[in-house]
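Open the model in your viewer and keep the selection tool ready. Each stop below says what to select and what is there.

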Amino acid sequence: MQAVAGDRVSIEESIPGVRPAPRNVAMDAYRGFVMLLMMAEVLQLARVAGAFPGNWFWAVLAYNQTHVEWAGCSLHDLIQPSFSFLVGVALPYSIASRLIKGATFGRMFAHAVWRSVLLVALGIFLRSLHSPQTNFTFEDTLTQIGLGYPFLFLLAMRPPRWQWIALTVILVGYWLAWALYPAPGPAFDYQAVGVPPNWKHLYSGFAAHWNKNSNLGQAFDAWFLNLFARSKPFIANRGGYLTLSFIPTLGTMILGLIAGGWLRGAAPRIPMKRLVVAGLTGIAAGLVLHFTGICPVVKRIWTPSWTLFSGGACFLLLAAFIWIIHVRGKRAWAFPLVVIGVNSIAAYLIAHLFELFITDSFRIHLGAHVFEFAGTGLAPLLQGLAVLIAYWLILFWMYRRKIFLRI
C-alpha cells in the first residue's frame, strides 16, 4: 500500500493481530470534534443570526449549525455520517483487541447483537423524553447505527472484497428499490403528509422518487411505525426522516470499516494518499449523481448519493486529523477534543439530558439576565458557551477518573 512521502509515522506500533495497539488519537479527536458540533447546538446560532439580520458572519455560522431543508450539505449535516463512519473505522481495532484477549466469534457476535439492542433502545428512550408514552421511532443516530451494527460486525469478519460487494449491493439495491416505487403524481396531496404549502424542494420527473414524505421509506413507516402503540397514528415524520435510512447508513459504516482496515493493514505506515483519493472520489460521485438527476444528495432520507458524498467528506476529515496529529506530530491542541471523543456515549447523553438542568441552574443561582451583559442578541450565544463549558468539565472529570461509558 502506497503512502505519501514523509508520512512514515506509526498509528499503531504493534503488528496487527499480535499485540493491542495504542489508541488512535486522531480517531478520538475526530470523534470529539463531531460530538462537539452536536453539543454546540446550545449556542443557538440561528437565534443569534436572527438578532443581526444581514450580518454574513452570523448567517454563515447559523447555516452550518442547522440541517439543510432537503438537498445539499452543511457542517451540521456531517455529524451523523461522521459518527456512523467512525463506528466502522474503530471496529477492526476492537475486533483485534478482543481476539487478543481470547474472545471467540460466537461471543463477539453475541456482544454485537447486544450492543445493537442497547443502541436501539437508547435511541428510542431519548426520543421519548418529552412524549406522553414510549415514542417508537427509529431515525435517531444511535438507533440507525444499532440496526445496522450486527451486519457491520459480520462484514468485518470477512475479507475486504465482501465489504465492497456489500456496499455496492446496498447502494445500487436501495437506489433501485426507490426508483421502482411509484413517484407521486401531480395530484398528490403533500400537505396531508406534513409537507408545508410553501415547500421549495419538490422535484419533478425521475427525481420525484426522492420527494419529501412521498417515497418508499415513507410508505414503509406509515405501515411499520403504526404496528407499535402510539398516542396518535403515525402519518409522516415532520423532518422527512425514515426508518429505512439505516440501510444506506450501513453503507456509511462500511466505508468507515474499509478505512479502518486500510489503517490497520498499512501500519506502521499511514495510507494518506488512499484516504484522500477515496474522499475526493466519494464527493465527486455523489455530486455527479445529484446533478445528473440520477439521485439527489439528501441527508434526511440518506440517499445513496448522500452516502457517497458524506462518506467522501468523512474520509477527508479523517485524513486531515491523521495528518495533523500523526504526521505533523501536533497533538496538544487536540486534548479538549480527545476528552470528548473517548467518552462519546457520555457526551451524547449529557447533551440530551443535562441542558435544561444546567440552564435552570444558571437562571436560579445567577439571575435570569446574567448573560445579557453584551446585549440581548448575544445572550443565547453566551449562555450556550457556559452550558458547553459545563458539558466539557463533566467529561473532563470523567476523563481524569477514567470513567468511560461503553456499550
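Select helix 1 and helix 4. Helix 1 passes helix 4 in a left-handed crossing. Left-handed means that the near helix is turned anticlockwise from the far one by less than a right angle; clockwise would be right-handed. Helix 1 covers residues 25-39 and helix 4 covers residues 79-100. Their axes come within 10 Å and cross at roughly 155 degrees. Helix 1 is therefore roughly antiparallel to helix 4.

Some ground rules belong here. This is a predicted model: local features need pLDDT of at least 70, side-chain atom pairs count only at pLDDT 80 or more, and totals for chains, interfaces and linings use all residues. Residues are numbered from 1 along each chain as its sequence is written, and side-chain values use heavy atoms, with hydrogens and water left out.

Helices (H or I, at least four residues) are DSSP runs, numbered from the N terminus. Axes are lines fitted to C-alpha atoms, for helices over the stretch in contact, and angles run from 0 to 180 degrees between N-to-C directions. Angles under 35 degrees count as roughly parallel, over 145 as roughly antiparallel, 65 to 115 as roughly perpendicular and the rest as oblique.

Now show side chains. From helix 1, Met 27, Tyr 30, Arg 31, Val 34, Met 35, Leu 37 and Met 38 meet residues of helix 4, among them Ile 79, Phe 83, Leu 86 and Tyr 93. Contact means heavy atoms within 4.5 Å. The residues of this contact divide into twelve nonpolar, one polar and one charged. Ala, Val, Leu, Ile, Met, Phe, Trp, Tyr, Cys and Pro count as nonpolar, Asp, Glu, Lys and Arg as charged, and the others, Gly among them, as polar.

Move to helix 10 (residues 272-291) and helix 11 (residues 304-327). They pack at an angle of about 155 degrees, with their axes 7 Å apart. Helix 10 and helix 11 are therefore roughly antiparallel to each other. Helix 10 passes helix 11 in a left-handed crossing. Residues of helix 10 including Gly 279, Gly 282 and Gly 286 meet residues of helix 11 including Gly 312, Phe 315 and Trp 323. This contact divides into 18 nonpolar, five polar and no charged residues.

Next, select Phe 136, Phe 138, Phe 220, Trp 223, Phe 224 and Phe 228. Ring pairs link these residues into a cluster. Rings of Phe, Tyr and Trp (its six-membered ring) pair if their centres lie within 6.5 Å; planes under 30 degrees apart count as stacked, over 60 as edge-to-face and the rest as tilted. The whole structure has 31 aromatic pairs. Phe 220 and Trp 223 make an edge-to-face pair, 5.6 Å centre to centre with 65 degrees between the planes. Both lie in helix 8 (residues 216-224), three residues apart, about one turn of the helix.

Trp 223 is exposed at 51%. Buried means under 20% relative accessible area, exposed over 50%, partly exposed in between (1.4 Å probe, protein chains only).

Stop at Thr 137, in the loop between helix 5 (105-127) and helix 6 (141-156). Thr 137 is buried, with a relative accessible area of 8%. Leaving aside neighbours within four places in sequence, Thr 137 is in contact with Ile 124, Arg 127, Thr 143 and Leu 225.

Finish at Phe 105 in helix 5. Phe 105 is partly exposed at 44%.

Terms used
Helices (H or I, at least four residues) and strands (E, at least two) are DSSP runs, numbered from the N terminus.
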